[in-house]
Amino acid sequence: MSEHVLLQCSGLELSVGDTQVTSGLDFSINTGQCWCILGRNGCGKTTLLHTLAGLRKPNRGTVRVSGQPLPQYSSRQLATRIGILFQDFDDPFPATVLETVLQGRHPYLNPWQWESAPDLEIALEALAFVGMDSFDTRNIQTLSGGERQRVGIATLRAQQPDLLLLDEPTSHLDMHHTVDILERLVASCRKNNQAICLVLHDVNLATRLADHVLLLLGNGKSRSGSCENMLTTTSLEQLYQHPLIQLETPIGPVWLPT
């Protein structure tokens with residue numbers, strides 16, 4: 001399948017309170033790509049991700065999805081194109097794990113339509129993908145933070161959007177599930193001509209997963225491009241305002257604070 005632009009930002013001006021997140025940001029995400037958004041605490045990474053998902057309007061500029069301005073999509077149409085995993089989950093009502101994952105199929109259903117056998121199969125496959133298939137009848141409110149995070153990833157996978165946006169997906173996951181699930185998720189997106197964009201704090205995980213990065217430098221400044229060009233000791237020290245040391249490992253470079 002040929003590569004094409006899934007999401008394109010043009011002249012994006014974005015602020016929250018007194019924080020200027022972006023100023024004239026131009027960048028695009030193509031099918032098969034994995035992007036990571038990196039930056040210091042409070043620079044607006046989550047705000048930017050919510051804007052890309054259509055949950056927040058920019059101050060100026062446009063976001064296009066498959067060439068069409070984002071506001072021209074209905075909520076239901078947009079949910080088949082873009083899916084988002086939030087940092088935190090709010091489960092005020094009891095539901096089973098399977099019922100929660102099936103919510104990812106709702107954009108494809110008509111009002112009052114029940115999930116079909118194929119929808120159920122997709123949801124069960126998504127649960128198996130994150131190693132939660134034996135939890136299908138568990139009450140969602142009884143899960144640990146890491147288990148709930150994995151169910152959130154399964155729900156996003158069941159949604160099958162063209163572009164997956166993940167906000168701090170490692171916040172509740174242990175080392176094994178972080179590496180195993182995210183590496184397989186990125187590989188699956190590339191294989192299926194989808195794209196993925198993650199907000200991360202761990203630059204070493206970004207080098208492991210991503211092929212492109214967007215660096216939010218503060219005061220509206222940003223840089224974007226391939227990991228090979230962007231992830232250097234000099235640029236990362238500028239980003240995090242802290243001296244770093246680069247080490248070479250069998251899986252590539254890593255950076256440690258000094």
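Biologist: Hi! How many bridges join strand 11 to strand 12?
Modeller: Six bridges join strand 11, residues 244–249, to strand 12, residues 252–257. Keep in mind that this is a predicted model.

Biologist: Do those strands run parallel or antiparallel?
Modeller: Strand 11 and strand 12 run antiparallel. They form a hairpin, with two residues between them.

Biologist: And which residue is the bridge partner of Thr 249?
Modeller: That's Gly 252, in strand 12.

Biologist: Switching to pockets: what volume does the largest pocket have?
Modeller: The largest pocket comes to about 940 Å³. It is lined by 42 residues, and Leu 55, Ile 82, Ile 84, Phe 86 and Gln 159 are the closest to its centre.

Biologist: Which elements give two or more residues to that lining?
Modeller: Those are strand 4 (60–65), helix 2 (75–81), strand 6 (82–85) and helix 5 (145–159). Helix 5 has the largest share, five residues.

Biologist: What does the lining of the largest pocket look like by class?
Modeller: There are 21 nonpolar, 14 polar and seven charged residues.

Biologist: OK, how about the second largest pocket, how much space lies in there?
Modeller: About 260 Å³. Of its 14 lining residues, the closest to the centre are Asp 202, Asn 204, Leu 205, Arg 208 and Ile 251.

Biologist: Which elements contribute two or more residues there?
Modeller: Helix 6 (175–191), helix 7 (203–209) and strand 12 do. Helix 7 gives the most, with four residues.

Biologist: And how do the lining residues of the second largest pocket divide?
Modeller: Into six nonpolar, six polar and two charged.

Key: Residues numbered from 1 in each chain as written. Predicted model: local features only at pLDDT ≥ 70, side-chain atom pairs only at ≥ 80, totals over all residues. Heavy atoms only, no water. Pairing = 2+ DSSP bridges. 1 Å grid on protein atoms, 1.4 Å probe; cavity = no way out; pocket = protein on both sides within 12 Å on 5 of 7 lines; lining within 4 Å. Points joined across faces, edges and corners; volume = space filled by probe spheres on them. Nonpolar A, V, L, I, M, F, W, Y, C, P; charged D, E, K, R; others polar.
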